Amino acid sequence: MNTRILTLSVASAALLGLAACNSGAETQAPAADATAEAPAATTGTVVAVAQGNPDFTTLVSAVQAAGLVDTLNGAGPFTVFAPTNAAFEKIPAATRESLMAPAGKEDLTGILTYHVVAGNVSAAALAEQITAGGGSATLTTVQGGTLTARAEADGSITLTDAAGNTSRVVQADVAASNGVIHAIDTVVMPG
């Protein structure tokens, strides 16, 4: 299997694990409520919030394997589009294992940082950007690539990666002291 695909798969799985950090029922991100305020900060960083939720165990493991814990515990703010454990399960096991191995660290880091946007972008702020962009918003990730966010007819927000793959926000506005987490159902991959 191609190392790049394996790396992308493992990174995607890691991000999916982070997205599941917030327990409770999953909700869709609002697409039209631009008047909502940004989520209130909590006492934990995005990493601490993710560690406290069993739905983000794969993501937390990937963040640790990539050596990104200190970075994501930093001041930020960060917006993390965090893949749930189920999202990581969509990636073949061999690919996940390869990315989590020391030799896969660089690829894993690239995939994980592709899920992070600088700043604190709430669901309402993202919806405003989508509206202002005529139906889509381009988000520049910490990795340097872009994600395209769109509002769907059912009110949910989707992200399209560089390869044209789509992920849906399944839980929005999980607050952290240094940013916000939006759980997604599929790992997105840089180009």
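Contact here means heavy atoms within 4.5 Å. In this predicted model, Leu59, Ala62, Val63 and Ala65 of α3 meet Lys105, Leu108 and Leu112 of α7 under that criterion. By residue class, the contact between α3 and α7 comprises 6 nonpolar residues, no polar residues and 1 charged residue.

Two packed helices are described by the angle between their axes and the distance between the axes. For α3 and α7, the packing angle is about 125 degrees and the axes lie 9 Å apart. Because angles of 65 to 115 degrees count as roughly perpendicular and those over 145 as roughly antiparallel, α3 is classed as oblique to α7. The crossing of the two helices, α3 and α7, is left-handed.

The chain as a whole contains 8 helices and 7 strands. Of its 191 residues, 51% count as buried. Among the contacts in the chain with a separation of 6 or more, 77% are accounted for by residues 24 or more positions apart.

In soluble globular proteins, nonpolar side chains tend to be buried together. The largest nonpolar core in the model has 30 residues, and Leu72, Leu112 and Ile181 are those with the most contacts inside it. At least two residues of this core are supplied by each of the helices α2 (46-51), α3 (57-65), α5 (85-89) and α7 (105-113), and likewise by each of the strands β1 (78-83), β6 (166-176) and β7 (179-184).

Note on methods: Residues are numbered from 1 along each chain as its sequence is written. This is a predicted model: local features need pLDDT of at least 70, side-chain atom pairs count only at pLDDT 80 or more; totals for chains, interfaces and linings use all residues. Side-chain values use heavy atoms; hydrogens and water are left out. A nonpolar core is a set of buried Ala, Val, Leu, Ile, Met, Phe, Trp, Tyr and Cys residues joined through side-chain atoms within 4.5 Å. Buried means under 20% relative accessible area, exposed over 50%, partly exposed in between (1.4 Å probe, protein chains only). Helices (H or I, at least four residues) and strands (E, at least two) are DSSP runs, numbered from the N terminus. Axes are lines fitted to C-alpha atoms, for helices over the stretch in contact, and angles run from 0 to 180 degrees between N-to-C directions. Angles under 35 degrees count as roughly parallel, over 145 as roughly antiparallel, 65 to 115 as roughly perpendicular and the rest as oblique. A crossing is left-handed if the near helix is turned anticlockwise from the far one by less than a right angle, and right-handed if clockwise. Ala, Val, Leu, Ile, Met, Phe, Trp, Tyr, Cys and Pro count as nonpolar, Asp, Glu, Lys and Arg as charged, and the others, Gly among them, as polar.
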